[in-house]
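Let's walk through this one together, with a few questions and answers along the way. Take a look first, then read on.

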Amino acid sequence: MAVAGTTGSVSADVIVVGGGNAGFTAAHAAAERGRSVILLEKGSEELSGGNSFYTAGATRITHGGLADLAGLIEHDDRHASTVVPPYSAQEYAADLAKVTEGRNDPELTEVLISESQSTLRWLNSLGLKYRLMYERQAYERPDGSYLFWGGLHVGNVGGGEGMMADHTRVARELGVEIRYASPATRLVLDGGRVTGVVVAGPEGEYVLNAESVILTAGGFESDPALRREFLGEGWENAKVRGTPCNTGDMLLAALDIGAARGGDWNTCHSVQWDAFTENNESNRELTNRLTRQSYPLGIIVNRDGERFLDEGADFRNYTYAKYGKEILKQPGSVAWQLFDATLRPMLRAEEYDMPGVSVETADTIAELAAKIGINPEALEKTVSGFNSSIDRSIAFDPNVLDGRAAQTEPVKSNWAVPLETGPFYAYGVTCGITFTFGGVKGDTSGRVLDAEGNHIPGLFAAGEMLGGLFSTNYPGGSGLAAGCVFGRRAGSLA
């Protein structure tokens, strides 16, 4: 329930609810304007950072190539032998429209794209550090050079952990007050205007007043009941990749005071996630290393030994966020990524050399099948059929859409390499949920709207709470970019 208006002096000019990338960006923008800012974080200081802490820090921005990134990214000796293709506004817009099947809000999209690089440069000027993501977005070529691919090139130094350490330091330098273990539970209303929040802090419940409240507390992906209600049966079994704090409380609080729903409440970002390692949810030590994202190089099979998707449909950046859902549909909600000895050195070391990684190895496909509980004849049939259907006249090149296809069912459209050389490797994967795509409806400055399209005075949203950009799928790195762009916009206006 909403809380009636309270009397008393304003406790802060701006309250930010949620301490991830979007929340801190909003806090920086407001504090730079001379506003007094209190940032409320549900987690303790040791468990803070929202989903952003668990990411690799990859951020999708427009740019004109490596020269255009000068002054933003940290120096690396490999730059001299690196090609970074330009990524235009038109390409960014086309990628968003393609993966969301045209359901992305056009006005939000235009702002995200047009302000993506300038917002990162602003954050960089405050003290956040960025680099080229060699280990994730480029393969070394035979001549020792590097070619980046997939439109996603820039990330935070130190990944998500480094990003949140930078954000926290900058916020303190700007005078932002951070209150940990202090979840907001309800919104305070006075004459139809949001004037504060109810906080359940370490010392008990209290009301915190402000001129503006910015909601950046994430989606509902960490609540199994809400996942089942909005995403459907079986989603309660998904593994939570990021923070356990995103239980949808403030989404529901905003709806309770009349905020309209925004975006797609029935789909989410979900990936292939280590299935059998202990502590494979909200693991702050391993964070993003539990993902398994070299799958375009090999094949994926279910418990029946059958392939069920096109591993090479596109660059990983455009398929990874929807394939977790496909694995959730498989028997037991598990699958295995298969590679041979030729492919194994190409797998991402940070993920596939992870301590305790779920992997089985064998000298033959039949032996491997027995180890992972699949009928050996079924798996041998799948692998041999795949191998024999590859057009080997086309050269394999993981840096481009090479068109080297396996004409089997389902087809593998690119990067089809036969699994022929032992030892063979099977990595067990399940569905890891990242964030939900549904949020509140807002304008391009993050002002929250009601069902009639009117602004709810005093209330803003950014990050995963601002619905409308994503549906069904997601181009990698656009979530952090959106958190930066719309966090800055909300903080600049609040």
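**Cores, rings and strands**

Keep in mind that this is a predicted model. In the largest nonpolar core, which has 69 residues, Leu112, Trp336, Leu338, Leu379 and Phe486 touch the most other members.

Q: Which strand gives the most to this core?
A: The core in question is the largest nonpolar one, with 69 residues. With 6 residues, the biggest giver is strand 19 (residues 424–436).

Q: Leaving aside its neighbours within four places in sequence, what is Leu338 in contact with?
A: Leu338 belongs to the group of core residues that touch the most other members. Once neighbours within four places in sequence are set aside, its contacts are Gly298, Ile299, Val301, Leu368, Leu379, Val383, Leu419, Tyr425 and Ala426.

Q: How many residues are in the second, separate core?
A: Nonpolar side chains tend to be buried together in soluble globular proteins. Here a second core sits apart from the largest one, and Ala31, Leu126, Leu128 and Ala494 are among its members. Its count of residues is 42.

Q: Are the rings of Phe220 and Trp265 stacked or edge-to-face?
A: A search of the whole structure turns up 21 aromatic pairs. For Phe220 and Trp265, the ring centres are 5.5 Å apart and the planes meet at 25°. Planes under 30 degrees apart count as stacked, so this pair is stacked.

Q: How many residues apart in sequence are the parts that Phe220 and Trp265 tie together?
A: Phe220 is in the loop between strand 12 (204–215) and helix 6 (224–231), while Trp265 is in the loop between strand 14 (261–262) and strand 15 (268–274). Phe220 is buried, at a relative accessible area of 1%, and Trp265 is buried too, at 5%. In sequence, the parts they tie together are apart by 45 residues.

Q: Are the rings of Phe339 and Tyr352 stacked or edge-to-face?
A: Their ring centres lie 5.9 Å apart, with the planes at 85°. Planes over 60 degrees apart count as edge-to-face, so the pair is edge-to-face.

Q: Which strand and which helix hold Phe339 and Tyr352?
A: Phe339 is buried, with 1% relative accessible area, and Tyr352 is buried at 2%. The pair ties together parts that are 13 residues apart in sequence. Phe339 and Tyr352 lie, in that order, in strand 17 (residues 335–339) and helix 9 (residues 349–352).

Q: Which ring does the charged end of Arg78 sit over, 5.8 Å from its centre?
A: Arg78 also lies over the face of Tyr134, but there the distance from the ring centre is 3.9 Å. The ring at 5.8 Å is that of Tyr146.

Q: What is the bridge partner of Tyr139 in strand 7?
A: An open sheet of 3 strands runs in the order 4-7-6, with mixed pairing. Its edge strands are strand 4 (82–83) and strand 6 (138–140), each pairing on one side only. Strand 6 and strand 7 (residues 146–148) pair in the antiparallel sense over 3 bridges. The partner of Tyr139 is Leu147.

Q: Which residue in strand 2 does Ile15 stand opposite?
A: Strand 1 (residues 12–17) and strand 2 run parallel and are joined by 4 bridges. Both faces of strand 2 (residues 37–40) are covered, with Val37 and Leu39 buried on one side and Ile38 and Leu40 buried on the other. Opposite Ile15 stands Ile38.

Conventions. Residues are numbered from 1 along each chain as its sequence is written. This is a predicted model: local features need pLDDT of at least 70, side-chain atom pairs count only at pLDDT 80 or more; totals for chains, interfaces and linings use all residues. Side-chain values use heavy atoms; hydrogens and water are left out. Two strands pair if DSSP finds at least two bridges between them. Helices (H or I, at least four residues) and strands (E, at least two) are DSSP runs, numbered from the N terminus. Rings of Phe, Tyr and Trp (its six-membered ring) pair if their centres lie within 6.5 Å; planes under 30 degrees apart count as stacked, over 60 as edge-to-face and the rest as tilted. Buried means under 20% relative accessible area, exposed over 50%, partly exposed in between (1.4 Å probe, protein chains only). A charge sits over a ring if NZ of Lys or CZ of Arg is within 6 Å of the ring centre and within 35 degrees of the ring normal. A nonpolar core is a set of buried Ala, Val, Leu, Ile, Met, Phe, Trp, Tyr and Cys residues joined through side-chain atoms within 4.5 Å. Contact means heavy atoms within 4.5 Å.
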